[in-house]
Amino acid sequence: MSTAEAAPGEQRNGSAPRPRAGARWPGHVPGEPGVWVFILGDMTVFALLFGVFVYYRGKQPLLFDHSQGDLHRYFGAINTLLLLTSSLAVITGVRAVRAGYRRLAPAAIAAAMACGAVFLINKGLEWSALLSHGHKPATNNFFMYFFVLTGIHAFHLILGMGVLTTLFILSRKPTLTPGQRAFVEGGACFWHMVDLLWIVLFALLYLMH
């Protein structure tokens, strides 16, 4: 095939073809194996922590129920909606990157970052309100687990914000290398894990009786 008859999307200088709008990446497991090892290992650690929380809740049900009543559920509900919205935005952003929509992709990732930032602000307000009413980690077992579990999750969310920042930068590039594509998908999976962990935390800390 001559240079003039090159297929659409191919570079005439022999370099790799640039992705076209609407193009799809080959079907595969998103991300890299190492990312999934990290995610599954992290979720295993959280599962153990959740199990410890449920165990001690069973030993002190009245204390945990009474302490749970001092939480403001609207803080947890708002944060749940924020993270669900952020996950939807990340899905939109990854699909936009795959399809080559370079304006939609960074906008969607930025929206997810905004949701994450508001989550942290809301969580800080909740912690401040609890501490001002004398509810500290040393108060009892419930508040110890509450601050430990939500604190570890907040740390993961901060890490996720750093990942989203990198995704935002990559989403603005005209083309991505295979390694960058894997990072985009793996970073999105990490953010979804943060979202999933919060949903479990919300059920355990705010709703479970």
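Author: The crossing of helix 4 and helix 6 is left-handed, meaning that the near helix is turned anticlockwise from the far one by less than a right angle. Helices are DSSP runs (H or I, at least four residues), numbered from the N terminus. The model is predicted: local features need pLDDT of at least 70, side-chain atom pairs count only at pLDDT 80 or more, and totals for chains, interfaces and linings use all residues. Residues are numbered from 1 along each chain as its sequence is written, and side-chain values use heavy atoms, leaving out hydrogens and water.

Reader: Which residues of helix 4 and helix 6 meet?

Author: Ala 112, Gly 116, Phe 119, Lys 123 and Glu 126 of helix 4 meet Trp 191, Trp 198 and Tyr 206 of helix 6; contact means heavy atoms within 4.5 Å. These residues comprise five nonpolar, one polar and two charged.

Reader: Moving on, where is Leu 120, and what does it touch?

Author: Leu 120 lies in helix 4. Apart from neighbours within four places in sequence, Leu 120 is in contact with Ala 154, Leu 157 and Ile 158. The C-alpha atoms of Leu 120 and Ala 154 are 7.1 Å apart, although 34 residues separate the two in sequence.

Technical notes:
Helices (H or I, at least four residues) and strands (E, at least two) are DSSP runs, numbered from the N terminus. Ala, Val, Leu, Ile, Met, Phe, Trp, Tyr, Cys and Pro count as nonpolar, Asp, Glu, Lys and Arg as charged, and the others, Gly among them, as polar.
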